[in-house]
Amino acid sequence: VSQSRYPKSYHYSNEVDMINKIVTGKTAKQIREEQGLEKGTSIRPYLSSEEIYYIEKLQHTDVGMVIAIPDYYERQKSLKKYYGMLKKQNTKQLAE
């Protein structure tokens, strides 16, 4: 496997921001700014349990997708679709 196939160090923060934005509509930096938090402070205490649930689901899915779907925008599109499916399933389950 060539070195270019391995994710770069900045990929992790890009992925986290992408997932945060899918679920909350904001990056971690934006959430920190709104809450008056210092750089590097965890935003988890400021998220709802539902947001944390969806973020964790998308993170687990994204782990395999980083290699399987190298294109960031294709991954983002797939994760948005998956998030929509999860939300729809949960809404349906709550209604039953």
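Let's start with Thr24. Leaving out residues up to four places away in sequence, Thr24 touches Ile31, Leu47 and Glu51. Thr24 lies in helix 1. One is with Asn20, at 2.6 Å. The other is with Lys26, at 3.0 Å.

A word on what we are looking at. This is a predicted model. The mean pLDDT of the protein chain is 88. At least 70 is the score for 85% of the residues. Which elements sit at the two ends of the confidence range? Helix 1 has the lowest mean pLDDT, 86. Helix 2 has the highest, 95.

Now the overall build. The chain has four helices and zero strands. Read from the N terminus, the order is α-α-α-α. There are 96 residues, and 28% of them are buried. The chain exposes about 7,100 Å², with carbon and sulfur atoms supplying 53% of that area. Take the contacts between residues at least 6 apart in sequence: 55% of them join residues at least 24 apart.

On to the core. The largest nonpolar core has 16 residues. Which of them touch the most other members? They are Ile22, Val23, Leu47, Leu58, Leu79 and Tyr83. Each of the four helices supplies at least two residues: helix 1 (9-24), helix 2 (28-35), helix 3 (49-68) and helix 4 (72-95). Helix 3 gives the most, with five residues.

Take Ile22 from that list. Set aside its neighbours within four places in sequence. Ile22 is then in contact with Leu58, Gln76, Leu79, Lys80 and Tyr83. Of these, Leu58, Leu79 and Tyr83 were also named among the core members with the most partners.

Next, helix 2. Its buried residues are Ala28, Ile31 and Arg32. Why do they line one face of the helix? Seen down the axis of helix 2, the buried residues fall within an arc of 100°, so they share one face. There is a general point behind that. An α-helix has 3.6 residues a turn, so residues three or four places apart point the same way. What sits on the face turned away from the buried side? There, helix 2 carries the exposed residues Lys29, Glu33 and Glu34.

Stay with Ala28, in helix 2. Is it buried or exposed? Ala28 counts as buried because its relative accessible area is 8%, under the 20% cut-off. Not counting residues up to four places away in sequence, Ala28 touches Asp17, Asn20 and Ile43. One distance to note here. Ala28 and Lys39 are eleven residues apart in sequence, and their C-alpha atoms are 9.4 Å apart in space.

What comes after helix 2? Gly36 follows it, with a positive phi near 70°.

Last stop, Leu37. Where does it sit? Leu37 is in the loop between helix 2 and helix 3. Leu37 counts as buried because its relative accessibility is 19%, and the cut-off is under 20%. Again leaving out residues up to four places away in sequence, Leu37 touches Arg32, Ser42 and Tyr46. Arg32 is one of the buried residues of helix 2.

To recap: four helices, zero strands. A nonpolar core of 16 residues, with helix 3 as the main contributor. And a helix 2 whose buried residues line one face.

Methods
Residues are numbered from 1 along each chain as its sequence is written. This is a predicted model: local features need pLDDT of at least 70, side-chain atom pairs count only at pLDDT 80 or more; totals for chains, interfaces and linings use all residues. Side-chain values use heavy atoms; hydrogens and water are left out. A nonpolar core is a set of buried Ala, Val, Leu, Ile, Met, Phe, Trp, Tyr and Cys residues joined through side-chain atoms within 4.5 Å. Buried means under 20% relative accessible area, exposed over 50%, partly exposed in between (1.4 Å probe, protein chains only). Contact means heavy atoms within 4.5 Å. Accessible areas come from the Shrake-Rupley method with a 1.4 Å probe; for residues, only the protein chains shown count as cover. The arc is that of the directions from the helix axis to the C-beta atoms. pLDDT is the predictor's confidence in each residue, from 0 to 100. A polar contact is a pair of N or O atoms within 3.5 Å; within protein, one must be able to donate a hydrogen and the other to accept it, and residues adjacent in sequence count only if both atoms are side-chain atoms.
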